[in-house]
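Please look over the sequence and the structure below before reading on. The briefing that follows goes through them topic by topic, for a reader who is new to protein structure.

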Amino acid sequence: MTSKGIITEEKLYDLAELFRTFGDTTRIKLLYALMDGNKCVADLTAAAGASQSAVSHQLRILKQMDLVRCRKDGKQMIYSLADDHVHTIIQMGMDHVEE
């Protein structure tokens, strides 16, 4: 129980799923690259050092978890972090690792 009330099993499951999403190095590389600003798939592929299909697959997962957003710019898809919370989670995790 927190000061916000009883936490449901569903919320705990959702939280576990969120943290499970951070358990993949490629996804972390993509999120970390997006901390610097919006990027197209080609830029993210270079940043992750992975194939375009692997990056697209990981971006799809990140979108499903509401961690990234995308918009179309001509023929390209431009990705960004979904909100400041994602930036904060990544930065706090890195701060913890670097302690």
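**A cysteine in a strand**

The model described here is a predicted one, and C70 belongs to its strand β2, which covers residues 68–73.

**Surroundings of C70**

- When neighbours within four places in sequence are left aside, the residues in contact with C70 are K63, M77, I78 and Y79.
- C70 and C40 are 30 residues apart along the chain, and their C-alpha atoms are separated by 9.1 Å.

**The sheet**

- Strand β2 is part of an open sheet of 3 strands, in which the order is β1-β3-β2 and the pairing is antiparallel.
- The edge strands of this sheet are β1, residues 39–40, and β2, and each of them pairs on one side only.
- Strand β3, made of residues 76–81, runs antiparallel to β2, and the two are joined by 6 bridges.

- Helix α3 (residues 41–48) and helix α4 (residues 52–64) have axes that come within 9 Å and cross at roughly 105 degrees.
- An angle from 65 to 115 degrees counts as roughly perpendicular, and α3 and α4 are therefore described as roughly perpendicular to each other.
- On the side of α3 the contact is made by V41, L44, T45 and A48, and these residues meet Q52, V55, S56 and L59 in α4.
- Sorted by type, the residues of this contact between α3 and α4 comprise 5 nonpolar and 3 polar ones, with no charged residue.

- D66 is placed in the loop between α4 and β2.
- Although D66 is not a glycine, it has a positive phi of about 60 degrees.
- The relative accessible area of D66 is 57%, and because a value over 50% counts as exposed, D66 is an exposed residue.

**An aromatic pair**

- How many aromatic pairs does a search of the whole structure find? The search finds 1 such pair.
- The pair consists of F19 and F22, whose ring centres are 6.4 Å apart and whose planes stand at 55 degrees, so the pair is called tilted.
- The distance of the centres and the angle of the planes are what describe a pair of aromatic rings.
- F22 has a relative accessible area of 14%, and because a value under 20% counts as buried, F22 is a buried residue.

**The chain as a whole**

- The protein chain contains 5 helices and 3 strands, and its elements, read from the N terminus on, run α-α-β-α-α-β-β-α.
- Taken along the principal axes, the box filled by the C-alpha atoms of the protein chain is roughly 45 × 30 × 20 Å.
- The protein chain has 99 residues, and buried residues make up 29% of them.
- Among contacts in the protein chain between residues at least 6 apart in sequence, 51% join residues that are at least 24 apart.

Technical notes. Residues numbered from 1 in each chain as written. Predicted model: local features only at pLDDT ≥ 70, side-chain atom pairs only at ≥ 80, totals over all residues. Heavy atoms only, no water. Axes fitted to C-alpha atoms, helices over the stretch in contact; angles between N-to-C directions. Helix = DSSP H or I, 4+ residues; strand = E, 2+ residues; numbered from the N terminus. Parallel < 35°, antiparallel > 145°, perpendicular 65-115°, else oblique. Contact = heavy atoms within 4.5 Å. Nonpolar A, V, L, I, M, F, W, Y, C, P; charged D, E, K, R; others polar. Pairing = 2+ DSSP bridges. Buried < 20%, exposed > 50% of the residue type's maximum accessible area, 1.4 Å probe, protein only. Phe/Tyr/Trp six-rings, centres within 6.5 Å; stacked < 30°, edge-to-face > 60°.
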